[in-house]
Amino acid sequence: MSVGASVVLRVDDLATLITRLSELGYEVKGPVVRAGAIVSGALSGVGDLPKGVHDEQGPGEYRIAHGDDDHLFDWAVGPSGWKPEFFPPHDELWRARVGDGHVELVEIPDEPRPLAVVGARPCEAAALGVLDRVFIDGAHRDTRYVERRENAFVAVVECSSPAATCFCDSMSSGPNIEVGFDLALTELDDDDGHRFLARVGSVRALAALEGVAFVLASAVDFSARDAVLEGARRRMVRHLDVDGLAGVLARNLEHPRWAEVAERCLSCGNCTLVCPTCFCSDVRDATDLDGDVVRQRTWSSCFSVDHSYLHGGAVRPTTQSRYRQWMTHKLSSWWDQFDTTGCVGCGRCVAWCPVGIDLTEEAAAIVRFDGVTSVTRPSVRSHL
Amino acid sequence: MSADTPVARPTLAVWKFASCDGCQLSLLDLEPELLAITRAVQIAHFTEMTRAHVEGPYDVSLVEGSITTEADVARILEVREQSRYLITIGACAATGGVQALRNFVEPGTYPAMVYAHPEYLRALDTSTPVSAHVVVDYELRGCPIDRFQLLEVILALLSHRRPIVATHSVCQECKARGTVCLAVSGESACLGPVTRAGCNALCPSVGRGCFGCFGPSEGANVGSLMQWLRSHGHADVTLARLLQTFNAAAPAFREVATNLVATKVTLVAQPLMRKERS
Ligand code: SF4
Ligand code: SF4
Ligand code: SF4
Ligand code: SF4
């Protein structure tokens with residue numbers, strides 16, 4: 001067997017795969033139920049996966065329900081995602097010991113066990129690809145991120161049951177996945193039984209499948225996959241028309257809609273922190289009682305006033321300017337900066353906004369009234 | 001600094017006004033760090049810890065509590081005069097505390113409900129923050145404050161740097177620690193989106209919505225959150241009570257709470273039990 005091959009795994013084989021990954025030295029994580037949500041957690045076997053669990057999502061709302069079926073992946077993304085595994089909320093980078101007349105720098109080592117994710121969704125794998133552009137392909141490589149990513153094994157499960165907040169189809173990042181995985185699974189359940197179509201995407205996956213009982217996939221399994229994906233697309237109710245959107249947003253920086261959304265927006269930052277591609281951080285030097293200095297990196301958000309603080313004050317002092325920064329970065333200037341979208345359509349920012357502000361609705365409102373402005377001063381990017 | 005070179009340590013004094021002492025006790029709660037702190041600063045006045053008293057002036061004064069009597073008004077001026085840095089600790093000192101509920105009702109309403117002989121009381125009609133009386137150099141929020149933030153402020157003073165104290169929402173701390181949002185998952189109403197971080201999202205982490213004890217976050221849009229909660233079945237009176245606790249008099253909370261309820265007196269009087277005494 002080689003990379004590109006496809007096999008069929010039964011649920012028992014998936015269990016063997018999880019054991020095998022752990023024998024190979026991986027810390028195996030996947031979707032688990034905690035505190036009324038599907039979140040990332042440790043997997044010791046198939047029994048930890050959210051069997052028969054389904055979700056209901058809407059703007060500012062998320063609920064799970066337990067059914068009596070035995071499907072493991074009939075749900076869409078929950079709040080946490082995989083970003084924290086590669087870009088943790090709090091990191092200590094180095095320590096400086098200040099002695100008599102000299103400073104000694106001590107690196108704080110970062111030695112996580114290689115991570116195996118079993119059950120990332122297509123949009124989440126796409127989001128890791130977007131983060132790679134930021135942390136790996138950019139001018140400043142983040143060595144910790146690079147190491148975590150290079151050592152990680154990612155098994156993606158394609159989506160059968162998008163939530164009402166999902167719009168990956170518009171962003172070409174789901175419900176299917178074609179690149180950017182070690183193993184791509186599709187959960188199938190028809191006359192041929194409950195099983196997974198598994199496509200091998202890397203040499204690492206070949207090693208992981210050693211000793212796992214499987215049969216080669218047939219055309220029947222592929223048409224079953226097509227049916228699952230077609231059903232998922234049909235059920236996707238949220239859409240974003242991305243055609244020309246980057247330009248429309250860039251030339252509507254003075255659109256009255258920004259002020260309207262700012263009346264509702266709490267500037268709480270939830271949308272940015274649940275977003276699988278938001279990468280902003282603060283770097284600060286703390287001191288301790290021994291006089292040592294510790295350089296810390298923590299998540300930050302463009303919704304915090306401090307985030308745009310330059311000498312003398314914040315560049316974005318109003319909620320209006322901060323919401324505009326968030327949305328235009330995700331959907332417009334990200335293209336200029338990283339040559340890709342900053343949004344993979346996972347819908348998290350819609351579901352986890354405490355007042356249900358919907359990115360797709362806000363973007364559509366600006367498109368609908370493209371050029372409507374109450375301009376009192378020329379927009380800085382009016383040439384676009 | 002090495003142990004055998006005597007270095008003049010900065011002096012630190014702790015002062016109490018109308019408060020419960022919980023915030024100043026946070027200094028004692030720093031058990032593992034306490035000895036190192038007393039080596040780094042000289043505790044000049046701190047009655048929860050020692051009877052020893054060193055005369056001012058002081059490098060740093062920590063001020064707990066709100067201003068509720070004529071004597072307080074005079075004493076806070078004295079503390080200010082004696083202190084290089086005046087740092088307030090806690091919700092009482094920052095916004096007037098829970099006792100600022102009296103600001104919303106006719107003077108004397110609560111004493112009449114609580115005391116058999118209210119005429120013996122000598123208190124002002126209002127409970128006001130320290131900043132209403134003197135210039136405050138730094139405010140630590142919370143009811144009580146977070147002891148690690150207190151340590152951070154002391155460390156920042158010792159190394160002449162800006163303290164690392166966030167002004168954004170509690171939500172950002174929930175997200176950093178991986179707490180599933182109680183509001184979105186339908187568990188509970190939560191003031192976190194409009195409340196300043198600092199507690200490491202303590203209440204949401206144990207399944208209770210944020211009570212707002214750190215007061216409003218920067219630019220808190222309280223009205224929008226309340227409108228959302230109303231449209232999701234929360235009664236006005238419940239929401240107003242949520243806002244009228246530890247930081248009832250903080251302008252961002254007060255304004256919205258008073259708009260939520262027509263009759264302010266009924267609202268704040270309801271949860272109190274009338275004491276029967278003879
Ligand atoms: S912007 Fe919203 S929908 Fe897009 S990737 Fe981020 S969280 Fe998901
Ligand atoms: S956005 Fe698409 S890929 Fe992501 S969970 Fe929803 S359906 Fe799946
Ligand atoms: S859009 Fe929603 S989640 Fe984002 S900052 Fe505004 S209120 Fe918070
Ligand atoms: S539980 Fe409260 S503080 Fe935490 S994210 Fe939700 S609304 Fe914010």
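**Entry 1: domains of chain A**

I began with the domain assignment of chain A, which gives domain 1 (6-235) and domain 2 (245-382); such bounds come from an automatic or database assignment. The model is predicted, so I noted its terms: local features need pLDDT of at least 70, side-chain atom pairs count only at pLDDT 80 or more, and totals for chains, interfaces and linings use all residues. Residues are numbered from 1 along each chain as its sequence is written, chains are lettered from A and ligands numbered from 1 in the order in which they are written, and side-chain values use heavy atoms, with hydrogens and water left out.

I looked up the spacing of the two domains of chain A: their C-alpha centres lie 27 Å apart. For contact, meaning heavy atoms within 4.5 Å, I found 42 residues of domain 1 of chain A against 39 residues of domain 2 of chain A. Next came the buried area, the accessible area (1.4 Å probe) that two parts lose on being put together, summed over both. Between these domains of chain A it is about 3500 Å², and carbon and sulfur atoms give 61% of that. On the domain 1 side of chain A, the residues that lose the most area to domain 2 are A:K83, A:F87 and A:F167, together 17% of what that side buries.

I then searched for salt bridges (a side-chain nitrogen of Lys or Arg within 4 Å of a carboxyl oxygen of Asp or Glu). The rule finds five across the interface of domain 1 and domain 2 of chain A. I noted the salt bridge of A:D142 and A:R297, at 2.7 Å from N to O.

Polar contacts were next: a pair of N or O atoms within 3.5 Å; within protein, one must be able to donate a hydrogen and the other to accept it, and residues adjacent in sequence count only if both atoms are side-chain atoms. Between the domains of chain A I count 23 residue pairs in polar contact, both residues at pLDDT 80 or more. Several elements give two or more residues to the domain 1 side, among them β6 (90-98) and α3 (122-135) of chain A. Helices here are DSSP runs (H or I, at least four residues), as are strands (E, at least two), numbered from the N terminus. That domain 1 side of chain A has 24 nonpolar, nine polar and nine charged residues. In these classes Ala, Val, Leu, Ile, Met, Phe, Trp, Tyr, Cys and Pro are nonpolar, Asp, Glu, Lys and Arg charged, and the others, Gly among them, polar.

I also logged A:E124 with A:R348, a salt bridge with its closest N and O atoms 2.6 Å apart. This pair links distant parts of the chain, from helix α3 to helix α12 of chain A, 224 residues apart. Over all chains the count is 34 salt bridges.

**Entry 2: chain B against chain A**

Here I find 29 residues of chain B in contact with 40 residues of chain A. They bury about 2800 Å², 60% of it from carbon and sulfur atoms. How many salt bridges cross the interface of chain B and chain A? The rule finds one. B:R162 pairs with A:D306, with the closest N and O atoms 3.9 Å apart. I also count 14 residue pairs in polar contact between chain B and chain A.

I listed 13 residues around ligand 1 (a heavy atom within 4 Å). The closest are A:C275, A:C343, A:C346, A:G347 and A:C349. Helices α11 (319-338) and α12 (348-351) of chain A each supply at least two residues of this shell.

Ligand 4 lies between chains A and B.

**Entry 3: domains of chain B**

The assignment for chain B gives domain 1 (11-158) and domain 2 (171-277). Their C-alpha centres lie 24 Å apart. Contact takes 21 residues from domain 1 of chain B and 23 from domain 2 of chain B. The two bury about 2000 Å² between them, 61% of it on carbon and sulfur atoms. B:F104, B:M113 and B:R141 supply 38% of the area that domain 1 of chain B buries against domain 2, more than any other three residues. Across this interface of chain B I find zero salt bridges and three residue pairs in polar contact.
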